[in-house]
Every structure is written in structure tokens, then in C-alpha cells.
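Work through the exercises below with the sequence and the model open beside you, and try each task before you read its solution.

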Amino acid sequence: MVRIKRIFPIIIVLIGLSLIGIIYIQYSWLHSMLLLKQDQLKEKFQKVTESLATDLEKYRGASKPSTRSNSFLEESSPDDFFKFYSVSDRLTTQEINEKIRLAFIANNMKEVPFEFALIVLKPGEHSYTARRSQNFEEWYYDTINHTSIATPLASRPGSESENLVPDELLMIIIPATKTLVFKDMTYLIIAAIAFTVIILSAFYLTVNTMIRQKKLSEIKNDFINNMTHEFKTPIATISLAVDAIRNEKVQRDTAKLGYFSSIIKEENQRMNRQVETILKSALMDRQEVQLNLKPLHVHEIIRDVADNFILRLQEKQGMLETDLSA
């Protein structure tokens, strides 16, 4: 029993450490996966934006014949025959929005919402927003919940539109990558939480069962010790009564013979009751113990105990006096 008491706390500590380790590893794994997916999403977002910028740059510098009439006799300038356009001149807000949407679909970002703006940059002058989506300003100033990437749209070096068309800036805004990743990992996080709850429940049930088994074991050990003493008393009493019956003087005295016989019978019945009690204790494991509660008179209990010990006291030349005044 002492060994079990020493091992029990060690088992609890080991199970607790294992549980903490499992939860920590699970948290670290989820945290690492969250950071990895955030980096992957940012990289994908960057590539999509750069790809869009490359596609939109094709619309810069597209020339268009002038509708003005000219003759060889009149003086003319290059601007009379060609006009260079920026992306904002050639594409409407709806068209730019559609191109971004198709680019998101092509890169498995169909469910990712976005806002955008096309800003015209004029060195030395005030830049202005030429094209923008409906909620661009609201998302732009909410930097906590949104992520933005700006990519310049410039004419290719050596092209005919270089230095003739103002540079532009394409800015796309999406919800914060952490929010998107959390949304994407919702089922995984729920599964992890459920798995953790199952582990905690199993740990609680295991510890609770071990504690109950420990208590039950202690109760049984105490019960067995008590029963051992309870059996020793009637056995000793029966042994003394049998020795007394063997005495020739007692055998000749019918009254004493009947007295000692009744003691043997009572102690035998007492032992039978103890045996039944032990058998009933087997039901403790199945939690089917039923207590038979009834009022008892304390004087009767004291008298029974005194009668059980009277022979053993007489053997030791002892006396027993009772003062029953309950």
C-alpha cells in the first residue's frame, strides 16, 4: 500500500507532463503552419500583383492616329499624328477590376476580396488617383485589418512612350493575411481544439479513476483489517467455550453447558454475518452497495460486546462492569 502511495503521484506527474508536451507541440505546429501559410499567401499576393502590373503595362504608350487633317504643306508635329496613353486612359475601373479578379482566380485566390486603385505619378506635381474601387479609401486607412501592395507601372526603357506617359502605381488591398489564413485553417484549428479537449477529458477520467481506485483500495484494506479483528474475537470466544465444555464439571452442569453452547451458537452466527458482509463488499467495485439503515439501541450493542468478551476476561481473571444510562 505504501508503494502504491509513492508511485501514484509519480504517475500523475508523468501523465501531466505528457499532456503539457502534447499540447505544446500541437500549439507550436499550428503556429508554425500559420506563419508558413502567411508567408506563402504574401508571396502569392506579390506575384499576382507583379503579373498584373506586367499585363497592364502593355496598355501604356499605345498610339492612336490623330483625327486631325494635315497636309505636307502645313507644319506638323509628332503630337499631330500620335497620342500616347496611360493605363488609366485606356481602361475603365470595371475593366481593371475584372482583370484583377481573373488574376486572383487563376492563382487560387477566388474567395479573397480586394480593393484597388490606379494612381498617376507626376514628378514635381501633385499625384492623383485615376481609378479606384468603391471601398478603397476605407481599406487603405485600416492598416490593422488589411494588407496592401503597390507596384509601379512604367514604360519599358527605350520604348516610344518613355518619358512621354506619366508613371502609374497599381495598389491592391486585401484583408490581413493572418485573417485569411485563420479562415482557411478553421477546420484544422477546430479539429486541434477538439483533439485537445479529448486529451484533457481522457486525462481527467484517468486521474479520477485512479483516485477512486486508490480510495477503494484503502477502504478494502481497512475493511479487511477490521474483519480480521472481528473474526479473531468470535474464534477466540468459541475456542474458550469449547475448552469450557470439555471440563467435566461443566458437562455435569446442564445450565452451564447450555450457556456455553448458546455462546458458541451466537459467535457462529456472528461469523456468518461477517462472511455475508465480506461478500457484499464485492459489490463495491460495481457501486451496488446498499446500506441497510435502521435505528439500534446502544445498550443492546454494549451488552452484546460485553458478552462476547466475558469469557476472555474471565480467563485473564478480569472483570467487566457496565453502567448503561444512555
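This is a predicted model: local features need pLDDT of at least 70, side-chain atom pairs count only at pLDDT 80 or more; totals for chains, interfaces and linings use all residues.

**Exercise 1.** Are phenylalanine 104 and phenylalanine 114 buried or exposed?

Residues are numbered from 1 along each chain as its sequence is written, and side-chain values use heavy atoms, with hydrogens and water left out.

Solution. Buried means under 20% relative accessible area, exposed over 50%, and partly exposed in between, with a 1.4 Å probe and protein chains only. By this rule phenylalanine 104 and phenylalanine 114 are both buried.

**Exercise 2.** Find which residues are linked into a cluster by ring pairs.

Solution. Rings of Phe, Tyr and Trp (its six-membered ring) pair if their centres lie within 6.5 Å; planes under 30 degrees apart count as stacked, over 60 as edge-to-face and the rest as tilted. A search of the whole structure gives five aromatic pairs. In one of them, phenylalanine 104 and phenylalanine 114 lie 5.1 Å centre to centre with 55° between the planes, a tilted pair. The cluster consists of Phe45, Phe104 and Phe114.

**Exercise 3.** Check the span of helix H10 (residues 298-315).

Solution. Helices are DSSP runs (H or I, at least four residues), numbered from the N terminus. The expected span is 1.5 Å times one less than the number of residues, so the 18 residues of H10 should span 26 Å, which agrees with the 27 Å between its end C-alpha atoms. Just after H10, glutamine 317 has a positive phi of about 55°.

Conventions. Helices (H or I, at least four residues) and strands (E, at least two) are DSSP runs, numbered from the N terminus.
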